[in-house]
Amino acid sequence: MAAINSKLFPPPDHNGTVRNPLAPRTWPGATPESTTTLQSILTDNHKKFHVFFNDRGFHNHTAHAVLSLWTMGADKSILEASYKASSEYQRPAFASPNPITKQNWTEFLGKEDYYQAYLEFFQNELTQKDYGSILEEYLFAANANFVSNRDADKQPEMLSRFFAGLVHPMIHTGFGLEFNLPGTFAEGLAQAAVHPTESTNSLPASFFNLSEEGLVSRFASAVGLGGQAEKKDVHAFTVFARVLADSTLALDGPPGEIGFYRTIVAKHGQTIQKYVNEWTLEGDLSKKLEELLWTNTIMYAVAGNEEKGPFNADFFLMHLVTSSVFLSTIFVHLKRSSQVLFLKGYFSICLGYYISRGKPQLDIARFFSNTDTLLPVAPGPKPTPNAAAHPSPDSVHAVTPDPWLPIIQSTLTHPDDHLPKLQRALAEYASHFGSTPAGTFAGTELKGSEFIDGTLFIRAAGLTESRLGWVREGQAPLDGVWDRHGFFKA
């Protein structure tokens, strides 16, 4: 592997550069050896490989996988095995036709052969500016998205690109911010720059170039509250419930393999934006961010728990959870008006994907009444507790006192590169919200929300592990790994 570039890939600093109450933890297990192995892999991948491993825009997940594994305590050998498996199908990096400069940076957006040039451009910007300044200038500024007197098909639309490709640029950039890795951060922004736009109808020109006061006023007017002193809080669950109830928001039939999200946004993007505008974003925005963590987990876990058949571990809805763990990491680097744009834009994309997967209706009461998912138990031989074991040697809680530990151990050995991201996110949410009692969300419009409690996250994690395979315990991984058939009636 390439020699470590410690400037671009220093030892991960999981404390970050800005205080973040929701910042994910580093699990016990990191060692000097595993850390230098991680740095070597990140450097090698950075030098050798393109961001897309094929000409269809499929993403290089190398950094996502090894960073997730490292932060959950994986040994050097696991990191090396993960990189060996992913590097076998990556596409070599190649030089761009010409360099990207401050003067021409918007001219080659959406062109994958300019990835290397954008990467070098953003690396140079990092020598002069901090993370937050770069995010503001290249993602949230009005002229980074729409420019007057410019053709519609040549608009920068950087925020749309940031959320494109199933939010992979956001995920990648989030990893760079979370671990304070300039190289990974620059890769994420370069990745955004070469993605096509996908969300123009839900992130239109009118979405940008508003002051913080203008944003608040506009959102209040959107729900008919302009000029009133008291505004009723609208929870993300309520917005989600209204989308679920709108029968006009649907695909005409089962989608093709790709393009279904774009079809939904082209047809319903303005309606999606209308519903998101009903979400109140005033006061403490960090609480509104937390609403999205719950909402996206509900979208994935409760929707996947269909009445018949195995758990539907939908590949696309899974990304709504894996990306959400980076919301707080990015959020804390932004000024308030950009935080509002970020939360609104992200929620719009998530709703668009949910609709595009068939907009499954939810049976929340049934999901939380299933006691079998409260304590996921790994298959295979079990330990035999000593008579002194608490609470008693024949208790299931003596065998599996903390279900997260076997889930994380099995996840670390699984060959799939998405599973560690998902289980890490769910474990983090459980650590913050696991003690949330039923009834907390009873005031929202989401049917069954009174049953939602902090067991949501362990239930989701256990259902996922059982569906994809407890490989450490001897189960074969699921053929095809994630479900892709969606939620469409035959």
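**Ground rules.** I number residues from 1 along each chain as its sequence is written, and my side-chain values use heavy atoms, with hydrogens and water left out. Since the model is predicted, I take local features only at pLDDT of at least 70 and side-chain atom pairs only at pLDDT 80 or more, whereas totals for chains, interfaces and linings use all residues.

**Domains.** I looked up how the protein chain is divided and noted domain 1 (32-201), domain 2 (231-357) and domain 3 (374-473), with bounds that come from an automatic or database domain assignment. Taken over C-alpha atoms, the centres of domain 1 and domain 2 are separated by 23 Å.

**Interface of domain 1 and domain 2.** I find 22 residues of domain 1 in contact with 27 residues of domain 2, contact meaning heavy atoms within 4.5 Å. The two domains bury about 2300 Å² between them, 70% of it on carbon and sulfur atoms; buried area here is the accessible area (1.4 Å probe) that two parts lose on being put together, summed over both. On the side of domain 1, F140, L166 and N201 supply 28% of the area buried against domain 2, more than any other three residues.

For polar terms, I find 8 residue pairs in polar contact across this interface, both residues at pLDDT 80 or more. A polar contact is a pair of N or O atoms within 3.5 Å; within protein, one must be able to donate a hydrogen and the other to accept it, and residues adjacent in sequence count only if both atoms are side-chain atoms. The elements giving two or more residues to the side of domain 1 that touches domain 2 are α5 (131-140), α6 (158-162) and α7 (164-178), and α7 provides the largest share, 9 residues. Helices are DSSP runs (H or I, at least four residues), numbered from the N terminus.

**Helix α10.** I asked myself how much of α10 (residues 236-245) is buried, and found that 8 of its 10 residues are, so the helix is largely enclosed by the rest of the structure. Buried means under 20% relative accessible area, exposed over 50%, and partly exposed in between (1.4 Å probe, protein chains only). What covers the buried residues includes α11 (260-276), α12 (285-304) and α15 (336-356).

**Helix α18.** In α18 (residues 404-413), 7 of the 10 residues are buried, among them W404, I407 and L412. These buried residues of α18 pack against α2 (62-71), α3 (76-87), α19 (419-433) and α20 (456-468).

**T62.** I then turned to helix α2, where T62 has its place, and noted that T62 counts as buried at 2% relative accessibility. The T62 side chain makes a polar contact with the side chain of N60 (2.9 Å).

**Salt bridges.** I count 23 salt bridges, each a side-chain nitrogen of Lys or Arg within 4 Å of a carboxyl oxygen of Asp or Glu. E428 pairs with R25, the closest N and O atoms being 3.0 Å apart, and this pair links distant parts of the chain, with E428 in helix α19 and R25 in the segment before α1 (32-48), 403 residues apart. E428 is buried at 3%, while R25 counts as partly exposed at 32%. K48 and D44 also form a salt bridge (3.3 Å); being 4 residues apart in helix α1, K48 and D44 are separated by about one helical turn.
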